[in-house]
Amino acid sequence: MFQQVPMVEIDGMKMVQTRAILNYIAGKHNLYGKDLKERALIDMYVEATMDLNEMIMHHPLQPPEARAKHLASIIEKATTRYFPVYEKALKDHGQDFLVGNRFSRADVQLLETILIAEECKPDILSKFPVLQVKELIALTVWIHLYLSKKIRFAIRSELGGLQYHNHPSLVLLG
Ligand SMILES: N[C@@H](CCC(=O)N[C@@H](CS)C(=O)NCC(=O)O)C(=O)O
């Protein structure tokens with residue numbers, strides 16, 4: 001539509017715009033809260049993780065002399081602004097999932113952000129024990145889902161063979 005990727009063919013549509021795609025998949029698979037308030041909270045959590053993702057994605061585009069400062073700023077924001085919110089939310093309500101005591105789009109996005117942030121600093125979760133456990137559980141479930149033949153096939157066929165089939169968000173397509 002706008003001559004851009006990502007583009008996902010799904011349910012007879014050619015969808016573009018990352019957020020539109022992810023919102024559709026989340027709605028379709030019941031991962032977007034039970035009411036408008038849960039959806040709003042999920043959106044807030046998701047948008048915040050995307051803010052951090054964007055900072056990380058822009059890192060390689062920084063001029064060499066600015067990279068160390070930029071990386072320090074990413075780590076500082078991750079550990080003082082973003083991760084404490086998720087750690088506290090999970091700790092306070094004592095549930096396994098961020099919103100409504102059930103798996104949602106916010107949990108998927110948080111896992112993706114944690115994995116990307118760990119590429120910047122492998123021990124970035126060292127002060128976040130609840131997030132460490134959450135990551136471990138999510139990865140176990142994800143690997144289990146991914147290794148199931150049915151899911152791998154579904155992802156490949158829906159994405160027409162694109163190489164994105166091992167992305168955490170896309171495992172949900174199965
Ligand atoms: N807002 C869009 C941005 C998509 C975008 O910037 N795609 C880039 C690749 S990551 C692209 O297709 N660039 C080629 C172009 O704009 O001509 C989204 O979230 O999907």
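Author: Let's start with Arg 105, which lies in helix 4 (residues 105–120); helices here are DSSP runs of H or I with at least four residues, strands are E runs of at least two, and both are numbered from the N terminus. Keep in mind that this is a predicted model, where local features need pLDDT of at least 70, side-chain atom pairs count only at pLDDT 80 or more, and totals for chains, interfaces and linings use all residues. Residues are numbered from 1 along each chain as its sequence is written.

Arg 105 counts as buried because it has 25 C-beta neighbours inside 10 Å. The cut-offs: 20 or more other C-beta atoms within 10 Å of a residue's own make it buried, 12 or fewer exposed, and anything in between partly exposed, with C-beta atoms placed from the backbone. Leaving out residues up to four places away in sequence, Arg 105 touches Leu 22, Ala 26, Leu 31, Tyr 32, Ile 42 and Val 46; a contact means C-beta atoms, placed from the backbone, within 7 Å. There's also Gly 27, which sits 78 residues from Arg 105 along the chain, yet their C-alpha atoms are separated by 9.1 Å.

Two of those names come up again in helix 1 (residues 18–28), whose buried residues are Leu 22, Ile 25 and Ala 26. These cover an arc of only 100° around the axis, so they end up on the same side of helix 1; the arc is taken over the directions from the helix axis to the C-beta atoms. As background, an α-helix has 3.6 residues a turn, so residues three or four places apart point the same way. After helix 1 comes Asn 30, with a positive phi near 60°.

Now for helix 2 (residues 36–58), whose axis comes within 10 Å of that of helix 3 (residues 67–93), crossing at roughly 170°. Axes are lines fitted to C-alpha atoms, for helices over the stretch in contact, and angles run from 0 to 180 degrees between N-to-C directions. That crossing makes helix 2 roughly antiparallel to helix 3, a label for angles over 145 degrees. Helix 2 brings Ala 48, Thr 49, Leu 52, Met 55 and Ile 56 to the contact, while helix 3 supplies Ile 74, Lys 77, Ala 78 and Tyr 82.

Zooming out, the chain has seven helices and two strands, and buried residues make up 23% of its 174 residues.

Note on methods:
Parallel < 35°, antiparallel > 145°, perpendicular 65-115°, else oblique. Contact = placed C-beta atoms within 7 Å.
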